[in-house]
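Here are my notes on this one, as promised. Have a look at the model first, then go through the points in order.

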Amino acid sequence: MPRKVPLQPGFWARIIRDLRTFVVLVWDLLRGRYHGVSWRFVIALAIFTAYLVIPIDAIHDAIPLLGQLDDTLLFFFCLYLLEKDLTAYRHWREERRRNED
């Protein structure tokens with residue numbers, strides 16, 4: 001029988017941290033405070049936004065569980081693509097806070 005691979009400790013805490021960082025990063029982008037995003041960030045954001053806005057799904061949401069699974073997988077894939085940018089933004093923000101003190 002295959003063994004279950006447990007999620008790493010703090011998996012959900014990391015997801016929540018990444019989401020918060022993402023929201024603040026976008027806010028700083030819109031306000032013109034931060035300019036260090038990569039092309040990967042822009043593409044991932046555009047793909048995820050288009051997928052949410054356009055009512056065409058890879059797997060229709062009416063199919064129980066599978067319909068939501070494709071949305072969830074795309075969300076996690078976009079977070080994976082954005083990980084480097086989120087880390088760079090966190091470092092930039094910490095440096096900015098240190099310089100303000």
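1. A term to start with: a residue is buried under 20% relative accessible area, exposed over 50% and partly exposed in between, using a 1.4 Å probe and protein chains only. Asp28 is buried by that rule because its relative accessible area is 3%. You'll find Asp28 in helix H1. Leaving out residues up to four places away in sequence, Asp28 touches Arg33, Tyr34, Tyr89 and Trp92, where contact means heavy atoms within 4.5 Å.

2. Some housekeeping. This is a predicted model, with local features needing pLDDT of at least 70 and side-chain atom pairs counting only at pLDDT 80 or more, while totals for chains, interfaces and linings use all residues. Residues are numbered from 1 along each chain as its sequence is written, and side-chain values use heavy atoms, with hydrogens and water left out.

3. The overall layout: the protein chain has 3 helices and 0 strands, giving the pattern α-α-α along the sequence. Helices (H or I, at least four residues) and strands (E, at least two) are DSSP runs, numbered from the N terminus. Of the 101 residues, 22% count as buried. The chain exposes about 8000 Å², and carbon and sulfur atoms supply 67% of that; the areas come from the Shrake-Rupley method with a 1.4 Å probe, and for residues only the protein chains shown count as cover. Taking contacts between residues at least 6 apart in sequence, 62% join residues at least 24 apart.

4. How do H2 and H3 pack? Helix H2 (residues 39-53) and helix H3 (residues 66-100) have axes 9 Å apart, at an angle of about 165°. That makes H2 roughly antiparallel to H3. For the cut-offs, angles under 35 degrees are roughly parallel, over 145 roughly antiparallel, 65 to 115 roughly perpendicular and the rest oblique. Axes are lines fitted to C-alpha atoms, for helices over the stretch in contact, and angles run from 0 to 180 degrees between N-to-C directions.

5. On the residues in that pairing, H2 brings Arg40, Phe41, Ala44, Ile47, Phe48 and Tyr51, which meet H3 residues including Leu74, Phe75, Cys78 and Leu81. By class, the contact of H2 with H3 has 10 nonpolar, no polar and 5 charged residues. Here Ala, Val, Leu, Ile, Met, Phe, Trp, Tyr, Cys and Pro count as nonpolar, Asp, Glu, Lys and Arg as charged, and the others, Gly among them, as polar.

6. Now helix H1 (residues 11-30), whose axis comes within 9 Å of that of H3, crossing at roughly 65°. That makes H1 roughly perpendicular to H3. The H1 residues that meet H3 include Phe11, Trp12, Ile15, Phe22 and Asp28, and on the H3 side Leu79, Leu86, Tyr89 and Trp92 are among the partners. This contact has 14 nonpolar, 1 polar and 8 charged residues.

7. Worth a look: is Arg90 buried or exposed? Arg90, found in helix H3, counts as buried because its relative accessibility is 17%. Apart from residues up to four places away in sequence, Arg90 touches Arg17, Asp18, Thr21 and Glu83.

8. Last, the loop between H1 and H2, where Val37 lies. Val37 counts as partly exposed, at 25% relative accessibility. Again not counting residues up to four places away in sequence, Val37 touches Leu25, Leu29, Val42 and Asp85. The C-alpha atoms of Val37 and Val26, 11 residues apart along the chain, are separated by 9.9 Å.
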